[in-house]
Amino acid sequence: MFGREIIKGLIAEAKLDREVTVCGWVRSMRGNKVIKFIALNDGSCVSGIQIVADTEKFDEATLKRIQTGACLKVTGQLVASQGGNQSCEIQASAIEVLGDSDPNEYPLQKKGHSMEFLREKAHLRPRTNLFGCILRIRHNMAIAIHEYFHQHGFYYFHTPLITASDCEGAGQMFQVTTKNLYDLKKDENGSIIYDDDFFGKMTSLTVSGQLEGELGATALGQIYTFGPTFRAENSNTPRHLAEFWMIEPEVCFYDMEDLMALEEDFIKHCVRWALDNCREDLEFLNKLIDPTLIERLEGVLKESFEHLPYTKGIEILQEAMKNGKKFEFPCNWGDDLASEHERYLVEEYFKKPVIMTNYPKKIKSFYMKIDDKKPIFNGQEMEETVQGTDVLFPQIGEIIGGSVREESYEKLMNEIETRGIPMKDMWWYLDTRRFGSCPHAGFGLGFERLILFVTGMQNIRDVIPFPRTPKNAEF
Ligand code: 4AD
Ligand code: MG
């Protein structure tokens with residue numbers, strides 16, 4: 001038996017003057033010929049623990065092997081700390097080097113490394129204080145999410161990762177095949193024949209679990225999914241990953257007001273959870289990354305989110321332009337908003353999270369419920385709108401995309417046909433509208449975008465252990 005104790009627990013309990021054993025990695029070292037101070041970290045908390053070693057108690061060979069990055073097992077007395085910031089430290093009586101580390105080769109040094117450098121060392125960056133914080137918060141957010149839905153009577157519903165349908169219809173899917181790509185069977189028109197492929201048809205990695213999620217909801221009443229999704233969109237931005245995790249609740253007997261209330265309550269629960277359960281890590285990030293982080297998180301809890309119809313949003317943006325505000329992209333009625341527009345509304349105009357609703361039908365997905373009335377803009381009737389609800393956050397832009405679902409078989413069928421979505425892939429989805437169709441709604445929260453917000457980090461590549469982006473699948 002190793003009999004090691006976890007450092008976080010040791011510090012929290014602070015039962016002093018007893019023998020303890022800890023294991024971990026050397027973060028740094030200082031001292032002189034007589035005494036060495038070793039910062040040991042086992043990943044359980046940002047502080048780690050200080051090991052004090054009187055050099056006369058240890059042989060020369062062992063002392064030499066205590067280097068940055070090495071893995072140690074240390075036994076000793078847990079005592080009140082002599083100085084410094086910590087409550088306790090360990091007076092070592094035995095040190096065993098479990099794994100050596102060559103300090104000349106170990107890439108992580110005490111000096112601050114750039115985020116770009118650390119991305120290239122993604123196999124080791126979890127060992128830095130910064131990434132330790134981020135990854136512990138990431139874990140806590142996953143727990144907060146399951147906790148929320150479990151407490152509110154939602155069932156965790158597992159949807160497939162391999163699929164033959166494109167939920168978002170944006171054509172950004174990664175294909176899945178066992179076919180020999182050097183020798184593809186094609187028909188007379190040059191189209192690939194899939195009957196000899198593993199699934200006997202063209203399949204891809206899912207962009208969203210929503211369509212199957214709706215099947216779950218229309219049986220269990222309310223479900224949520226929480227899994228990886230994949231998008232081959234070639235957007236090299238600080239907000240996009242090719243592989244990201246999404247949480248997708250789907251709820252029956254919900255209208256747009258219900259949906260927006262759930263979106264707001266759910267995000268606030270997650271933020272509150274971080275403030276209540278990740279204090280030490282947040283304080284570290286507040287010091288190192290962003291001095292307004294904790295204030296911003298607390299601010300979100302105090303505000304009620306602004307509900308803003310798209311048409312009103314365009315009016316505000318155009319008014320701002322009249323008053324001299326410059327945007328890179330146009331924002332006429334019918335345009336998809338760029339992140340600069342979203343951020344203007346959230347950060348400058350309302351100064352709080354915004355839920356934008358009732359978007360033009362043509363810029364949203366086929367499944368969204370069509371509004372009864374067309375909006376009036378500059379005195380004119382515009383095109384049809386849908387009951388989509390995007391939650392826009394400071395610093396992040398879109399963090400949630402959701403909608404009420406079109407429950408009418410005829411209207412949905414009409415959308416599928418006019419958008420040219422292959423019907424044969426959709427029959428099972430349409431059955432929900434044929435047998436006991438019901439009003440229902442749901443949304444998707446981008447997990448990494450939530451982690452970006454909660455940690456104050458700037459780049460989505462730095463809130464997932466091993467990011468997948470265009471031209472990058474290392475590790
Ligand atoms: O707005 P999206 O595309 O909505 C859907 O997929 C719906 N099926 C969700 C639903 O109603 N069940 O994506 C939802 C969220 C976005 O708001 C964003 O937070 C995140 O997923 N997201 C991404 N996150 C990281 N990288 C990407 N490439 C992302 N694309 C979307
Ligand atoms: Mg969206």
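Axes here are lines fitted to C-alpha atoms, for helices over the stretch in contact, with angles running from 0 to 180 degrees between N-to-C directions. Helices themselves are DSSP runs (H or I, at least four residues), numbered from the N terminus. This is a predicted model, where local features need pLDDT of at least 70 and side-chain atom pairs count only at pLDDT 80 or more, while totals for chains, interfaces and linings use all residues. Residues are numbered from 1 along each chain as its sequence is written, ligands are numbered from 1 in the order in which they are written, and side-chain values use heavy atoms, with hydrogens and water left out.

**Helix 4 with helix 13**

- Helix 4 (residues 129–151) packs on helix 13 (residues 447–455) at about 120 degrees, and their axes sit 10 Å apart.
- The pair is therefore oblique (angles under 35 degrees count as roughly parallel, over 145 as roughly antiparallel, 65 to 115 as roughly perpendicular and the rest as oblique).
- On the helix 4 side you'll find Ile-134, Ile-137, Arg-138, Met-141, Ala-142 and Ile-145, which meet Phe-447, Glu-448, Leu-450, Ile-451, Val-454 and Thr-455 of helix 13; contact means heavy atoms within 4.5 Å.
- Sorted by class, that contact has nine nonpolar, one polar and two charged residues (Ala, Val, Leu, Ile, Met, Phe, Trp, Tyr, Cys and Pro count as nonpolar, Asp, Glu, Lys and Arg as charged, and the others, Gly among them, as polar).

**Helix 8 with helix 13**

- Helix 8 (residues 293–302) also packs on helix 13, with an angle of about 120 degrees and axes 8 Å apart.
- Leu-293, Arg-296, Leu-297 and Val-300 of helix 8 make the contact with Phe-453, Val-454 and Thr-455 of helix 13.

**Helix 4 with helix 7**

- The axes of helix 4 and helix 7 (residues 279–288) come within 9 Å and cross at roughly 135 degrees.
- That angle makes helix 4 oblique to helix 7.
- Asn-129, Leu-130, Cys-133, Arg-136 and Ile-137 of helix 4 touch Asp-281, Leu-282, Phe-284, Leu-285 and Leu-288 of helix 7.
- By class, that's seven nonpolar, one polar and two charged residues.

**Around ligand 1**

- Ligand 1 has 25 residues around it, the closest being Glu-168, Gln-210, Glu-233, Glu-248 and Glu-398 (a residue counts if one of its heavy atoms lies within 4 Å).
- Glu-398 puts a polar side-chain atom 2.6 Å from a ligand 1 oxygen.
- An N or O atom in the Arg-405 side chain is 2.9 Å from an oxygen atom of ligand 1.
- Ser-208 has a polar side-chain atom 3.0 Å from a nitrogen atom of ligand 1.

Terms used
Helix = DSSP H or I, 4+ residues; strand = E, 2+ residues; numbered from the N terminus. Polar contact = N/O pair within 3.5 Å; in protein donor to acceptor, adjacent residues only side chain to side chain.
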